[in-house]
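Dear colleague,

I am handing over the structure below, and after it you will find an account of what was found. Please read the two together.

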Amino acid sequence: MPETVPEPEPEPEPGTDRRTGGLPAVLAVTTGVFAIVTTEILPVGLLGPIGATFRISDGTTGLMMTVPGLVAAVAAPVVTVATRRADRRTMLCALLLLLALADLLNAVAPAYSAVLLARVALGLVIGAFWSIGSGLAPRLVPAERQARANTVIFTAVPLGSVLGVPAGVLLGSLAGWRAAFAAMAVLTLLALAALLATLPPLPPPATTTGLGVLRGLLTGRGTLAGLAVTFLIVLAHFGAYTYVTPFLTEVTRVGPGTIGALLLGYGAAGLLGNLLGGARAARALRPTFASAAVLLAAATLLLPVLGTDRPGATALLLVWGAAYGAVPVCSLSWFLAAAPHAPEAAGVLFTSSFQATIGIAALAGGGVVDRTSPGTVLVLAGLTALLAAGTALLTAPAPATARR
């Protein structure tokens, strides 16, 4: 019998090489995402100490959330298209190395301008890593395990709140906020080592992410609906969550230790919401997304009324965390359902829209906080979340036609 001639596409069959690929690779990607998410949202728990160091307002400190979000929105399509011929393993490893350098710059920044420069680098990492990494599950595990692999990868989002932010707040209270970013640099280097050890070579997919593919997706009804729902729910969440620490300090009147504990509970609820939402979104995407938006609206609208003491704030933060935990996986599932033929391109749109809205939300929320109060931000967020729920129920993902 003659030898079997390999296909021209060098991409390995998903999950066939257990030395590189499979569950170890999924966990390595998850660790990388955890490092990115934690670095991104760490300022939420350290807003006060960072602002005090550089003598700036809460709204100005909130630019640490705005800058990477806006940069990531641009980086997602630009970097992905520019590197569409590059091996994905090489790209992911290079991005984590850049993240470690950004964390180190945060840790030693002599001025706030240096902090913002580090956040620009973080934005590049977020945009490119999410765009490439969010569609990797089919290349790492067999088809029957892909949904579970996606859920595992997305557990990194709430885990950043469960472990990352509370640990950062604790470390910041003991050794200063700079130590928290130094610790993130070490964690990022460990994630890089895990990727090098477990990821197989990942040549570009057969359908590369060109500008024509992205333009084609933007003409699809399902994609446009996904953009609308994602914009509204992320605007609601991050417009309020970025400034939850000032609310807990000024209104609930709790100290840094209690804030860390409350954010830990929020993150734990988010992990549960991610697991339940990820499983349900595969069967009933619209009602799952809408339910998450309604719960988020309820929590943010009621916090100014019932969150004036610790029990009320705790209960509502748990509801908020569970609701938001389902949002990222629902959003990505929406984009993938609208473009099943181009998962990486769908990941680009997901990342770009998500991160752009984070930046806009943090900027808008900062303007409201500096001019009014954290409670006003929460009310506006709740109303926006209700709009997101209505949009999710009235629209549905529909396959989009991509043009090369």
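**Aromatic pair and surroundings**

Phe335 and Phe350 are both buried, where buried means under 20% relative accessible area, exposed over 50% and partly exposed in between, with a 1.4 Å probe and protein chains only. The model is a predicted one, in which local features need pLDDT of at least 70 and side-chain atom pairs count only at pLDDT 80 or more, while totals for chains, interfaces and linings use all residues. Residues are numbered from 1 along each chain as its sequence is written, and side-chain values use heavy atoms, with hydrogens and water left out.

The count of aromatic pairs comes to 10, with rings of Phe, Tyr and Trp (its six-membered ring) pairing if their centres lie within 6.5 Å, and planes under 30 degrees apart counting as stacked, over 60 as edge-to-face and the rest as tilted. Phe335 and Phe350 form an edge-to-face pair, at 6.5 Å centre to centre and 65 degrees between the planes. This pair links distant parts of the chain, since Phe335 lies in helix α16 (residues 327-338) and Phe350 in helix α17 (residues 343-371), 15 residues apart. Ring pairs also link Phe54, Tyr112, Trp177 and Phe181 into a cluster.

On the whole chain, there are 18 helices and 0 strands, taken as DSSP runs numbered from the N terminus (helices H or I of at least four residues, strands E of at least two). Of the 404 residues in the chain, 57% are buried.

The largest nonpolar core holds 115 residues, among which Phe129, Phe238 and Trp320 touch the most other members; such a core is a set of buried Ala, Val, Leu, Ile, Met, Phe, Trp, Tyr and Cys residues joined through side-chain atoms within 4.5 Å. Helix α1 (residues 22-54) gives the largest share of this core, 16 residues.

Helix α5 (residues 112-133) has 17 of its 22 residues buried, so it is largely enclosed by the rest of the structure. Its end C-alpha atoms are 31 Å apart, which agrees with the 32 Å that its 22 residues should span at 1.5 Å a residue, the expected span being 1.5 Å times one less than the number of residues.

Finally, Thr61 lies in helix α2 (residues 58-61) and counts as buried because its relative accessibility is 0%. Not counting residues up to four places away in sequence, Thr61 touches Leu47, Ile50, Gly51, Ile56 and Tyr112, a contact meaning heavy atoms within 4.5 Å.

With best regards
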